[in-house]
Amino acid sequence: MATSITPGEDSPLIREATRADLLSIYRIETQVFEQPWPYPAFEGFLTEPNFLVAATNGSITGFIVADVTPTYGRDIGHIKDLAVHPTAQGNGIGRRLLQRAVLGLTVEGVGRIKLEVREHNSRARGLYRSEGFEPVTRLSGYYDDGEDAIVMAKQPERTHIFDTE
């Protein structure tokens with residue numbers, strides 16, 4: 001079942017990614033990242049309810065890939081990829097995608113949400129901090145070019161969406 005958040009006047013529509021979106025997603029990925037994911041990696045996430053796109057005036061302007069990792073305790077949400085087209089950056093699209101994915105993961109019942117971010121990507125780290133993510137550890141040489149990753153995590157806020165009382 002597709003879900004979306006209806007946009008305001010200047011806001012993008014946030015909805016689940018479809019196969020028809022993949023080329024636009026891949027183009028954004030290659031424009032934003034020096035070491036982009038390969039196209040087939042996105043195909044593998046099409047069934048994930050938290051693989052979302054931001055569509056502005058019919059064009060894909062950003063996306064987020066998030067999934068759930070089962071554990072023996074409470075499952076862990078994982079923000080795997082987030083990118084906004086360079087011409088659309090700074091307009092809150094990344095924040096809206098992140099908030100919607102966190103909500104989706106929370107509804108799925110995860111006990112914790114994590115992500116990895118390049119140590120020198122201060123803009124992304126600032127966004128994640130402002131949304132409640134805190135640094136947990138450093139992964140030395142995590143990226144192919146040798147840069148370290150900072151693992152950030154947050155506890156999802158309890159949601160009362162499905163409470164009956």
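This is a predicted model: local features need pLDDT of at least 70, side-chain atom pairs count only at pLDDT 80 or more; totals for chains, interfaces and linings use all residues.

Q: Fine. What share of the contacts with a separation of 6 or more comes from residues 24 or more positions apart?
A: In the protein chain, that share is 58%.

Q: And the fold, how many helices and strands?
A: Four helices and eight strands. Along the sequence the pattern reads β-β-α-α-β-β-β-α-β-α-β-β.

Q: How much of the chain is buried?
A: Of its 165 residues, 40% count as buried. The accessible surface is about 9400 Å². Carbon and sulfur atoms own 49% of that surface.

Q: Let's zoom in on helix 4. Which residues are buried there?
A: Helix 4 covers residues 122-130, and A124, L127 and Y128 are buried in it.

Q: Why do they line one face?
A: Seen down the axis of helix 4, the buried residues fall within an arc of 95°, so they share one face of the helix. The general rule: an α-helix has 3.6 residues a turn, so residues three or four places apart point the same way.

Q: What do those buried residues pack against?
A: Four elements: strand 5 (76-84), helix 3 (93-107), strand 6 (112-118) and strand 8 (149-154).

Q: And which exposed residues sit on the face turned away?
A: S122 and R123.

Q: What follows helix 4?
A: G132 follows it, with a positive phi near 95°.

Q: Switching to charges. How many salt bridges?
A: Ten in the whole structure.

Q: Where does R138 find its partner?
A: R138 bridges to E119, with the closest N and O atoms 2.3 Å apart. R138 is in strand 7, while E119 is in the loop between strand 6 and helix 4, 19 residues apart.

Q: What about R118?
A: R118 forms a salt bridge with D145, closest N and O atoms 3.1 Å apart. This pair links distant parts of the chain too: R118 is in strand 6, and D145 is in the loop between strand 7 (134-139) and strand 8, 27 residues apart. D145 is partly exposed at 44% relative accessibility.

Q: Which residues join R118 in a network?
A: D145 and E147, through salt bridges that share partners.

Q: Which ring does the charged end of R118 sit over?
A: The ring of Y143, at 4.2 Å from its centre.

Q: And what does E116 pair with?
A: K114, with the closest N and O atoms 3.6 Å apart. E116 has 17% relative accessibility; the cut-off for buried is under 20%, so E116 counts as buried. K114 is partly exposed at 28%.

Q: Now the aromatics. How many pairs?
A: Seven aromatic pairs. Take F42 and F63: their ring centres are 5.5 Å apart and their planes are at 90°, so this pair is edge-to-face.

Q: Where do F42 and F63 sit?
A: F42 lies in helix 2 (residues 39-43) and F63 in strand 4 (residues 59-69), so the pair ties together parts 21 residues apart in sequence. Both F42 and F63 are buried.

Q: Which rings make up their cluster?
A: Ring pairs link W37, F42, F45, F51 and F63.

Note on methods: Residues are numbered from 1 along each chain as its sequence is written. Side-chain values use heavy atoms; hydrogens and water are left out. Buried means under 20% relative accessible area, exposed over 50%, partly exposed in between (1.4 Å probe, protein chains only). Helices (H or I, at least four residues) and strands (E, at least two) are DSSP runs, numbered from the N terminus. The arc is that of the directions from the helix axis to the C-beta atoms. Contact means heavy atoms within 4.5 Å. A salt bridge is a side-chain nitrogen of Lys or Arg within 4 Å of a carboxyl oxygen of Asp or Glu. Rings of Phe, Tyr and Trp (its six-membered ring) pair if their centres lie within 6.5 Å; planes under 30 degrees apart count as stacked, over 60 as edge-to-face and the rest as tilted. A charge sits over a ring if NZ of Lys or CZ of Arg is within 6 Å of the ring centre and within 35 degrees of the ring normal. Accessible areas come from the Shrake-Rupley method with a 1.4 Å probe; for residues, only the protein chains shown count as cover.
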